[in-house]
Every structure is written in structure tokens, then in C-alpha cells.
Amino acid sequence: MTPARTFPARRDGVRLLVVDPQAAALRSTHMADLPALLAPGDLLVVNDAATLPASLQGRDEDGHAVEARLLAHVADNRFRAVLLGAGDWRQRTEDRPPPPAIAPGQMLHFCGLSARVAARSQLSARMVDLEFDVCGAALWAALYREARPVQYSYVADALPLWAVQTVYAARPWAFEMPSAGRPLSWEILLAMRRRGVGWAAVTHAAGLSAVGDAEIDAALPLAERFEIPPATVDAVAATRRGGGRVIAVGTTVVRALEGAFECWGALRASAGETALRLGPGYRRRVVDGLLTGVHEPGESHFALLGAFAPPLLLAAAATQASREGYRTHEFGDAMLVVPGALGGLRAASPGTAGDWPAAREGTALHTVQFAQHRFAEPGQRAGRPRSQGTLRA
Amino acid sequence: MTMHGTAALITGGSFGLGRALGAALAARGARVVLVARHAPGLDEAVRAIRRRGGEAHAIVADVADKDATYAIAGQAAALVGPLDILINNASTLGPVPLRLLLDTDCEDVEQVLAVNVVGPFRLSKAIVGSMLLRGHGVIVNVTSDAATEPYERWGAYGASKAALEQLGRIWAAELEGTGVRLFTVDPGEMNTRMHADAIPDADPATLADPAYVAERIVDLIGDARSAPNGARVAVRGRPEVAA
């Protein structure tokens, strides 16, 4: 499949591949049909994080070019970042030269902003904590003035900040656009509401999707912070009571909702950080379905679809998407994985979608597997807490 | 009425009505972000609010600049959280003294429309979606009687405010039933720098105090019944001398 090289003229002007794991069926349609594919009583949960410009071009103390891509806000003026060598988004990240050797304590200078390398990650010497020389309003102003949106080489042109926002973006927590929600227009959202489909939000600090460093890329997504407001907890509970489906817009929403459930043993209004990783066999406790982009077999995003549908159905979906010229990545087409979306057996018996009923009951039957999926990481024993985030000064 | 913890963004926050609105909202406990093009006046407005114990932040930006739209929205939400109140107050007369339409440069009309109509449209577009998602929020567009009366020499400004009012009516129609409301307020003639630019020989004693007008507007923001969605509200303040 080919990536979409730019944003569509109309936000919602993309195709939609519907995957129904209950009916074991696929249908190719259009994003405008989304409201009709959902039922009254369903709930769409979006990530309302706005996208921060998170790529800073600068130099180290010796004048070597370096790009910092921010990936997490640690505290006040401290951000976690990945450093890349000379060049910019026009090169593939894996083709970029490594950054100059930068020791903790050294300064990086970005046009009108400087930062001290406060710590370096054990995961990779390229992942550092940066302490900027200003804080508060002055830091936000400097970031919005000096930084550009993170983007990748398959996109044709430099992206303006407005091209990487959803229509409901609020606080700038995301370092890359929560792109599953990008095709949602208010035309579609209001049509859903008229149909009796509710909406709710979480805020999830979506990090980087790839950095071109094998160690870091294998560990993505890193722990990301989230916030779940009381209204969303209430909306999910009401949806459960009414027999509706909870549909996450993007994997960040799945991570926030399931991560919060994991923390508290129930969905609670909360703020936290989750290192949850999704994949085949993962037992969902909160989320029933997913609106996401189009992913190819082999991608990490494709693997996590395995938490929503059996592998054969997903393989058939990928084949159909490829045959019909679906486009991938953040400006591409979309995929909806919802049990019962194509009619049929919405309230029917277990069986068609494998682990489906256990996920809906919200019981603690699969605690062991659940923990393994949270912590499993290359080079680590399953079940042990990840060491990600441990930084040494 | 308290507005404790609500997040408010006010454009044109350095002087006049915008500055007074910032002070009035902060005095009732709102977390206020002021936007203006130039730092000195803006910083002074922010300091004045903080001296009285209020919370205020400054964003230096030009609402006529498309690229500033999401920078304003993002910075504001980073500083005070998702916005509950948006006041599109910034506006320009164009070059003064005001001139007849036949003597007005095309570029000046475009600039007036960019600041007074397109700017509020863009900022609303960037901010109102998050209000809609949360099911509450208030947008206030500041207009003028020049929107409805054909005052000679007020062509660019008057046309821009008429457009802003109609835009507001359509916003309101589209937002009906969502919990987000928009109203347009005509603050009348106030003792502000803008008024002095337009009508230098006006007697200040006949002009309203922007602080008084701002209090009345904040009352309207707090009470959905007094300024229902889509309403055009004329606020007439007491003259300065009586304040």
C-alpha cells in the first residue's frame, strides 16, 4: 500500500474499510458512512490532545547540526526527546546520520531557545531529557515559534500546524497527531449524535511513531500520560448499561482506557501514565471497537489490531485494502473494527471473534496474560515492569 | 457570580474593552489568557491582573495571521486548560483618520476583514470544537453599531462588523442544542484608544467606561438566559464621569 502524501482536500474525504469480527465480514465504504455503521447507544471516545510542534532544529556546543523531536513532557521545562543528526523530515529517519555525541550537562541551541541535556536514557544514548532555559508561557511561546510539527519523508510538503490537528483538539499534549481522529468532521460527529451515538474524550499524550533507532523503535510506544475525565467514565458506564459498544478513535484511546482500567481494576476518572502494549490475545476490559488508520502486516500497528479481530480476518482486510488502493499513514484512509458493524449478530453468542466475550465482561479472568502484555518488551522477561523512563544524570 | 477555574481567551487584551474584560473575568476567578500583537501593553495588562491576585497569561500574536491560529489555541490550552470562554474582541479600524470608501485602498479593506472577520472565524474554528466535545462553552464576538448604521467613512470597519454579526448568527444556528452558545455584543461608545483614533474630538465625558461595560458583558457570559445563543446584545455603559 502507498502512504497518503498529503492531507485530503476534505478532512473526511477518505475511504473506510469496515471489519466486523463478529460477522467475520469486510466492507469497503466511505468515512461519511461512519454514523450509519454505528448504532444508537454506542459511544465514540476520542483523544482530544492537540498536536504540539515538536521538532526543533539546532546545534550542539561544537556547532554540529542536531534535531530534537520531543516525545514526552516530563515536568515544567523538562521534555524527553530523541536526537537525530543533520537533515530534516525529508530524509527517512532510518537514513539520518546519528546525532553528535552529546553528554549530559551539554547545551543544545535551537534558534531562539536553548536546552541543557539533563539526562540520558539507558535505552539509547539518543534519548535524552532536555531542560529548556525558559519555562511556562515563555516556553510554550518559544516552542510554537521555533518548532515544527514532526513529520516523515513520505509526506510531500512541510506541514503547517493546522494540518495536524483534529477538529476537537484542546490541550497540546500530543507530539504527533492522534491521526485516527483526523478524518472526523463535525458533519460526521453531529450526524452520529443525531443518530443517538454519544461521544466522550480522553487526553492522551501520543508520542513518536518511529525515530529510526532500532532500540528505541522496538520499545515504542513508550509510557505515555493520559487523563480521563469523570464525564467519560460516566458515559462508558451508561453505554455498558445500555448494551452499547465503546469505540475508541485511535490506539492512544485504547491505551488510556485500558491502561486506566489496569491501574484501578475499574475505569476511574484519573490521570496517569500507561506503558500498555496491545496485540493478539490482549483482553480488552473497556473498549469494544476501534477506528484507526490503514496498516500493513508487519507494522506494529497492524499487530495491535490483533486485540480486536482474529488474524485471518485482518489479513483478508489488508489484502482487500491493498487491492483497492487504500492509502496508509496519518493522512490516509481509515479502518473501523467493530463487532456487529456490518449488521448481523450484534448481541449474539461468543465464538466468532475469539476472545470477544471475555473482553466485554470486564472480569479479572486473564490477569496473567494481561500483565504480560503490558510489560513484555524485547530483551525483558514478560511480567517484569519495564525500565523505560529510568534516566541517569 | 463566580467563574472560578473557568478558562478564558480574550483577543485584543492590551487596551480598552479587552483589557477590562480580562480584569473582570480574572476578578471573578477565571483563568485568563490575553492575546495582542505587541508585548509591552499586553504585559502591563497581565501584570495589572496579577497584582490584584488574578491569574493571567500573555500570548503575543496577530489574529490576522493564519499560522498563528493553532499557536494561540495551543498555548492558551497549555496555560489554562481547555477553553470555556472565547472573546473575539480584537479589531482594527484600518488607517485613521477614516476615509470615504472611494478613497480607501483595497489592501486596507482586506486587512480590516482579515482582523475583524477571518481572524475570529479561524480562532473560533480552532477552539469551539473542544467546547462542543465537552458540551459547554461561550463565544462572544464584539461588534459595533457601525455594523447596522451606514456611517460615512466607516465602510471597511462597518462591513467587517456586519459580516462578523452574520457569521455569529450562523455559528449560533449550527451550535444550537450543543451546549455551546455564541452571542454578539455591541458595547456602545467607550472611552478607549480605538474610539479616540476614530473620533479624536469626542467629549470623554459622554463615553462609557470600558470597565463598567466589561462587567455587564461578564454578567451576560455567566447567565445563559440573559444572552441566549445567537443574540445580539447592546450594552450601554455609564459615562466615565458618572462611573
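Chain A folds into 10 helices and 18 strands in this predicted model. Of its 393 residues, 48% are buried. Among the contacts in chain A with a separation of 6 or more, 73% join residues 24 or more positions apart.

The domain assignment divides chain A into two parts: domain 1 covers 2–51 + 158–387, and domain 2 covers 55–146. Where these domains of chain A touch, 14 residues come from domain 1 and 14 residues from domain 2. On the domain 1 side, helix H4 of chain A (residues 214–219) gives the most, with three residues. That side of domain 1 of chain A is made up of eight nonpolar, three polar and three charged residues.

A second contact can be described between the chains. Chain B brings 19 residues to the contact, and chain A brings 20 residues. On the chain B side, strand S3 (55–60), helix H3 (69–80) and helix H4 (106–134) of chain B each supply at least two residues. Helix H3 of chain B has the largest share of this side, eight residues. By class, the side of chain B that touches chain A holds 11 nonpolar residues, seven polar residues and one charged residue.

Because 11 of the 12 residues of H1(B) are buried, the helix is largely enclosed by the rest of the structure. The buried residues of H1(B) include the glycines B:Gly16, B:Gly18 and B:Gly22, together with B:Leu17, B:Arg19, B:Ala20, B:Leu21, B:Ala23, B:Ala24, B:Leu25 and B:Ala26. After H1(B) comes B:Gly29, with a positive phi near 100 degrees.

A further point of interest in chain B is a tryptophan, B:Trp171, which sits in helix H5 of chain B (residues 155–175). B:Trp171 has 23 C-beta neighbours inside 10 Å and therefore counts as buried, the cut-off being 20 or more. Apart from neighbours within four places in sequence, B:Trp171 is in contact with B:Ser124 and B:Leu182. The C-alpha atom of B:Trp171 lies 18 Å from that of B:Ala159, 12 residues away along the chain.

Terms used: Residues numbered from 1 in each chain as written. Chains lettered and ligands numbered in written order. Predicted model: local features only at pLDDT ≥ 70, side-chain atom pairs only at ≥ 80, totals over all residues. Domains from an automatic or database assignment. Contact = placed C-beta atoms within 7 Å. Helix = DSSP H or I, 4+ residues; strand = E, 2+ residues; numbered from the N terminus. Nonpolar A, V, L, I, M, F, W, Y, C, P; charged D, E, K, R; others polar.
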